[in-house]
Amino acid sequence: MAEFTMELNDEQKEVRDWLHGFAADVIRPAAAEWDEREETPWPVIQEAAKVGIYSLDFYAQQYFDPTGLGIPMAMEELFWGDAGIALSIVGTGLAAVGVLANGTEEQIGTWIPQMYGDANDVKVAAFCSSEPDAGSDVASMRTRAVYDEAKDEWVINGTKTWATNGGIANVHVVVAVVDPELGSKGHASFIIPPGTEGLSQGQKFKKHGIRASHTAEVILDNVRVPGSCLLGGKEKLDERLARAREKAKQGGERVKNAAMATFEASRPAVGAMAVGTARAAYEVALDYAKTREQFGRPIIDNQGVAFQLADMRTSIDAARLLVWRASWMAVNGKPFTAAEGSMSKLFASETAKKVTAQAIQILGGNGYTREYPVERMHRDAAIYTIFEGTSEIQRLVIARTLSGTPIR
Ligand SMILES: Cc1cc2nc3c(=O)[nH]c(=O)nc-3n(C[C@H](O)[C@H](O)[C@H](O)COP(=O)(O)OP(=O)(O)OC[C@H]3O[C@@H](n4cnc5c(N)ncnc54)[C@H](O)[C@@H]3O)c2cc1C
């Protein structure tokens, strides 16, 4: 019988403690400053690159941890430090994963190093899928890629929005429509190399939270890229489109559902980010409740406060268990028969929003000021129920998976 343990092994504990040290010593002290500046924290990214946290090697090592806990553990610790800075550090990973998942070996070898740069000259990358009229409804994407056979080039036109690192990235990965008849199955991903003419940054968003992370529109105006920039190559694309056309004949709804399922595997990582933010706020609230005195005793002596802390900690631990379960399932090839990836993201992100609000309440007036970090954590936590699929979309995915019906 397989051995069951819920304990991290020594190697995992070592990595976790190392990441925690970086989060506590480098990220957390810089958090308030970069939140106010609303700028990419390049010096912190550079520090992360120097110690090896900002690199593909590091994420690949965590990704291939056979227990599946490498990535959630890393996300929890970095986002415990600060969500905005941590997203600036891991945001490149979104684009890198896009290339790893769909690219050829040559594309992986060529583009991923250019996404990260090196410790002396760090670079970032952006993954651009969302559009002004295509958020939750990915299938309504309009950015169009047309093949110019004579030149073996793709011509891309459209507007992307909400792109993390959009416009400041060295390499952009852009999802575009190659066959409008096929909904999200007619999409393909393209590398836009550094300095490509026609790509520009549109509006940079001033956000509620994660303000150290750059979010902007990306405009693609007759962008021409070589055929080699189509991720996976033309032959594979043609085969995939032929299969999708065949399936579409059998029923369009099935095509749409399949696209939703592809995001399942990445969702536990977002859940882990949410756990990190929730844990950070809970710890601040616990310390505060033990030291703040009113009516001649620490406020934690009141059941009303202590029970809130008990609920906060219980939800955080439950969220982490859902995240770990989904991550373990993904790495071990277990199918998400009940949309376990979506479940983990839904519960962890809603927990982060609730726990950070409770933390403000426990800190009273101080919780409402920027003298204490919980108001920032609460602003940051709101993103988890929005990006990588909103809470409503997670519920839709779970409900459809459970019922097998195309609930609208
Ligand atoms: C800070 C930030 C960073 C981001 N980074 C990236 C990135 O790097 N790359 C990228 O491609 N995208 C990125 N996004 C985009 C993000 O994934 C989208 O914002 C998200 O998918 C929601 O899309 P939307 O904003 O258009 O909302 P909409 O889809 O318009 O949704 C609006 C509301 O309607 C609800 N709703 C929509 N459809 C349904 C339905 N069928 N049933 C029930 N409710 C529904 C939603 O849940 C939501 O509450 C980022 C967004 C933000 C804010």
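Which residue has a polar side-chain atom 2.9 Å from a nitrogen atom of the ligand? Select Thr164 and the ligand together to see the pair: the polar atom belongs to the side chain of Thr164, and the distance to the ligand nitrogen is 2.9 Å. Keep in mind throughout the tour that this is a predicted model.

**Stop 1: the ligand**

A polar atom of the Thr390 side chain lies 2.6 Å from an oxygen atom of the ligand. On its own the ligand has 980 Å² of accessible area, and the protein covers 66% of that.

Which elements give two or more residues to the shell around the ligand? Colour strand 3 (125-128), strand 5 (153-164) and helix 13 (391-403), for these are the ones that do.

Then select the whole shell. It consists of 20 residues, and the closest are Ser130, Ser136, Trp162, Thr390 and Glu392. Sorted by class, the shell has 10 nonpolar, 7 polar and 3 charged residues. Colour by domain as well: domain 2 (125-250) and domain 3 (258-403) each supply at least three residues to the shell.

**Stop 2**

**Stop 3**

Keep helix 12 in view and select Glu375 and Arg379. The two residues are 4 apart in this helix, which is about one turn. A salt bridge links their side chains, at 2.9 Å from N to O. Arg379 is buried, as is Glu375. Now extend the selection to Asp35, Glu36, Glu38, Lys206, Arg211 and Arg370. Together with Glu375 and Arg379, these residues are joined into one network by salt bridges that share partners.

**Stop 4: a salt bridge with exposed partners**

Select Arg142 and Asp133. Their side chains also meet in a salt bridge, where N and O are 3.2 Å apart. Arg142 is exposed, and Asp133 is exposed too. To look for others, note that the salt bridge count comes to 27.

**Stop 5: two buried residues**

Select Ala145, which is part of strand 4 (residues 144-148). Why does Ala145 count as buried? Its relative accessible area is 2%, and buried means under 20%. Draw a distance from the C-alpha of Ala145 to the C-alpha of Tyr59: the two are 30 Å apart in space and 86 residues apart in sequence.

Finish at Asp179, in the loop between strand 6 (171-177) and strand 7 (187-192). With a relative accessibility of 9%, Asp179 also counts as buried. Show the side chain of Asp179 and the backbone of Glu181. A polar atom of that side chain is 2.9 Å from the backbone nitrogen of Glu181.

Key:
Residues numbered from 1 in each chain as written. Predicted model: local features only at pLDDT ≥ 70, side-chain atom pairs only at ≥ 80, totals over all residues. Heavy atoms only, no water. Salt bridge = Lys/Arg side-chain N within 4 Å of Asp/Glu carboxyl O. Buried < 20%, exposed > 50% of the residue type's maximum accessible area, 1.4 Å probe, protein only. Near = heavy atom within 4 Å. Polar contact = N/O pair within 3.5 Å; in protein donor to acceptor, adjacent residues only side chain to side chain. Areas by Shrake-Rupley, 256 points an atom, 1.4 Å probe, with all protein chains shown as cover. Nonpolar A, V, L, I, M, F, W, Y, C, P; charged D, E, K, R; others polar. Domains from an automatic or database assignment.
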